[in-house]
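Subject: A structure for you to explore

Hi there,

Here is the structure I promised to pass on. Have a look around, and then read my notes below.

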Amino acid sequence: MTENTTSAEPRAVGPAIGRTLVTGVIGADTHIVGNRILSLALEKAGFRVVSLGALTPASDFIKAAIETAADAILVSSLYGQGELDCRGFRDQCIEAGLEDILLYIGGNLVVGKRSWVETRRTFLEMGFDRVFPPGTRTAEVIEALNSDFAARATGERIART
């Protein structure tokens, strides 16, 4: 999702406490650096992170989420094949009993000339709750997670932006 960090990253407070996140790089993608930086920032913010690394099939994200009773799955894809790798991802989650799991994706998600608006819409329609463009800062992801977990405590699926 990002390789940029800031010194003003949130500390372990509020909705992060006790939340488990599964992170990884989907499909045949080997671009792990940004995902590792994100995982470290998430841990620093108080989340429990289960990092699957690179070259991770969609089914492994789901298995890990079940095994760890994860609250969210954060998928990274930088090689442009995210749309192919994530087809049916939400449906697989539902089939596995994870219908309410929070799904985030970020990175360079598609190949070719496509507007970010169209790319974002595509992944939202695929069932992802949040879609982040390349260069998103870790603090933005952490803020979205905290807001979404707080919204869930009031019965909303995600926070309104």
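Which residues of helix 6 are buried? They are Thr138, Ala139, Val141, Ile142, Ala144, Leu145, Asn146, Asp148, Phe149 and Ala151. Buried means under 20% relative accessible area, exposed over 50%, and partly exposed in between, using a 1.4 Å probe and protein chains only. Helices (H or I, at least four residues) and strands (E, at least two) are DSSP runs, numbered from the N terminus.

Before going on, please note that this is a predicted model, in which local features need pLDDT of at least 70 and side-chain atom pairs count only at pLDDT 80 or more, while totals for chains, interfaces and linings use all residues. Residues are numbered from 1 along each chain as its sequence is written, and side-chain values use heavy atoms, with hydrogens and water left out.

Back to helix 6 (residues 138-152). Among the elements covering its buried residues are strand 1 (20-25), helix 1 (33-44) and strand 3 (72-77); contact means heavy atoms within 4.5 Å.

Next, the aromatic rings. Rings of Phe, Tyr and Trp (its six-membered ring) pair if their centres lie within 6.5 Å; planes under 30 degrees apart count as stacked, over 60 as edge-to-face and the rest as tilted. The whole structure holds five such pairs. One of them joins Phe47 and Phe149, tilted at 45° with 6.3 Å from centre to centre. Phe47 sits in the loop between helix 1 and strand 2 (48-51) and Phe149 in helix 6, so this pair ties together parts 102 residues apart in sequence. Both Phe47 and Phe149 are buried.

Ring pairs also link Phe61, Phe89, Phe123 and Phe128 into a cluster.

Finally, the nonpolar cores: sets of buried Ala, Val, Leu, Ile, Met, Phe, Trp, Tyr and Cys residues joined through side-chain atoms within 4.5 Å. In soluble globular proteins, nonpolar side chains tend to be buried together. The largest core here has 24 residues, of which Ile73, Val75, Cys86, Phe89, Phe123 and Phe128 touch the most other members. Helix 2 (58-68) is one of the elements giving two or more residues to this core, and helix 2 gives the most, with five. A second, separate core of 18 residues includes Leu21, Phe47, Val49 and Val141.

Happy exploring!
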